[in-house]
Amino acid sequence: MVKGMTSEYGNCNDYRNSVLDRSKTEADIGNIWIDDSVGALLQALKDKEVLENTVFIFQQDHGQATKGAIYEGGSRIPQFVHYPALIEKGSKLETPVSVIDLGPTLYDLVGIQADYSYDGRSWLDAISHKAVPTNFYRDDRCLYSELDKDRAVRCGCYKYLRIDQAGSSTHSKGQKLKLSIDTHNLFDLCDGTSSYVTDPTKNMEANDKNIYSTDSANAKIYSDLLQCHLDRTSHSTTPPDYTPCELSTDPTSAPKTTSEPSSEPSSEPSSESSSEPSSEPSPQPSSSPMESQIKCEEGGRDKFLFKVKKGKPKLEKCEWLLKQDFKKICGKKVNFFVDAENVVYQPAQNVCKKTCESCGPCYENPNSKFYAGTKKGKHKILTCKKIKPKKKDKLCKMEGVYQGYESASKVCPKTCTVCIE
């Protein structure tokens, strides 16, 4: 019998029925069970007189609002730490952290010096008030996340999210919840203030909150940061480089108990705690990724849309493209295709970026096609070279996505003067 749970009712069946009796909705059932379980565990520690000397950490494995996607509703999680000997009741760490920080923090707490390096950082000094979090921890440290082929980086208030248009779960979740599903997304999670927006009715990743096309300076900074991270952690990088790509150098990077490089992994999404940034990132990085180090992300076996035959997509691999007249294929085979299950198939320039030399926010192919609005039920698709001076302003201000075709400002950044090299 478990004190605080089954012991109160004498058997498991009656306890389960009590959970149902106490719940008003189906969603309450899991929450009540978790609440009882945590309470029972804390009671057991208290009964053994070790509660005050135990570090108790509670957190979810993912967010609920957009589970299975790397919007904030999926990657942000609640995290609570109970350790009265060090942490004041009701205190809050106003710094974005990641689950990969738990290992270094706990090692730091018990004084263990590991003989290997960490991916995370200890937040022991910050939470014990031995050191006030610097702008680096609050604004300039970058947290990376990934799921399927979707990638994201968040530094302080800003978050850059790159969504794969070919069947990603982030794309499908965003479409259902009316969040931005553009390929390139830049969000100000603080909405122009210094505090993270937590109002559930004001989602900063909504489909009208993408500032990628209107803030070209930050769009380049954060897209370059993400590409820097992908290049350094790529399995094809020899030797691999696990030093972090960040807006500035960590001013307290000298380790106290380890020689941790504090780099971010690319194997799992970095889930953040409920801690929030308290100011915006620096407008320009003091040590931003060098342009010469930015490479294109591409897998040789990644598939792109080569052509549509009898209503069915014919796909080819990027490694196949190298054996063909790839410049012609990259430059002219620019159509998208959406099948009956709403899977979007993309052209070579979107999938095989290294081969097609199509990386970066300023890339533009004059043959690339964009969505130019709907008139009388007909969807209009144009190419960048068809944008005439008289209609440039109107076309470049249009927003929207149709069957993979994005707006002119995203497809034709040079013509629309969104990106100036």
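The model is predicted.

**Stop 1: K159 and E72**

Start with the salt bridges. There are 14 in the structure. Select K159 and E72. Their side chains form one of these bridges, with N and O 2.9 Å apart. Now colour by secondary structure. K159 sits in strand β5, residues 158-162, while E72 belongs to helix α3, residues 72-75, so the bridge ties together parts 87 residues apart in sequence.

Are the two partners buried or exposed? K159 is buried, at 2% relative accessible area. E72 is buried too, at 7% relative accessibility.

Together, E72, R154, K159 and E205 are linked in a network of salt bridges.

**Stop 2: Y158 and Y222**

The structure has 11 aromatic pairs. Select Y158 and Y222. Their ring centres are 5.6 Å apart and their planes meet at 20 degrees; stacked pairs have planes under 30 degrees apart, so this pair is stacked. Y158 is in strand β5 and Y222 in helix α8, residues 216-233, so the contact ties together parts 64 residues apart in sequence. Y158 and Y222 are both buried.

A pair of aromatic rings is described by the distance of the centres and the angle of the planes.

**Stop 3: an aromatic cluster**

Next, select Y107, Y116 and Y118. These three residues form one aromatic cluster.

**Stop 4: a charge over a ring**

Select K333 and F306. Which part of K333 sits over the ring of F306? The charged end does, 4.8 Å from the ring centre.

**Stop 5: K310**

Strand β7 covers residues 303-309 and strand β8 covers 312-317, and K310 lies in the loop between them. Check the backbone of K310. Its phi is near 55 degrees, a positive value in a residue other than glycine. K310 is exposed, with a relative accessible area of 81%.

**Stop 6: K314 and E316**

Move along to K314 and E316. Their side chains meet in a salt bridge, 3.4 Å from N to O. Show the surface here. K314 is partly exposed, at 35% relative accessible area. E316, at 14% relative accessibility, counts as buried.

**Stop 7: E399 and K410**

Select E399 and K410. The closest N and O atoms of this salt bridge are 3.2 Å apart. Where does each partner lie? E399 is in the loop between α13 (389-397) and α14 (408-411), and K410 is in helix α14, so the bridge ties together parts 11 residues apart in sequence.

Compare the accessibility of each end. E399 is partly exposed, at 47% relative accessibility. K410 is buried, at 12% relative accessibility.

**Stop 8: K178**

Select K178. K178 is found in a loop, between helix α7 (169-177) and strand β6 (184-188). The surface view shows K178 as exposed, with a relative accessible area of 61%.

Conventions. Residues are numbered from 1 along each chain as its sequence is written. This is a predicted model: local features need pLDDT of at least 70, side-chain atom pairs count only at pLDDT 80 or more; totals for chains, interfaces and linings use all residues. Side-chain values use heavy atoms; hydrogens and water are left out. A salt bridge is a side-chain nitrogen of Lys or Arg within 4 Å of a carboxyl oxygen of Asp or Glu. Helices (H or I, at least four residues) and strands (E, at least two) are DSSP runs, numbered from the N terminus. Buried means under 20% relative accessible area, exposed over 50%, partly exposed in between (1.4 Å probe, protein chains only). Rings of Phe, Tyr and Trp (its six-membered ring) pair if their centres lie within 6.5 Å; planes under 30 degrees apart count as stacked, over 60 as edge-to-face and the rest as tilted. A charge sits over a ring if NZ of Lys or CZ of Arg is within 6 Å of the ring centre and within 35 degrees of the ring normal.
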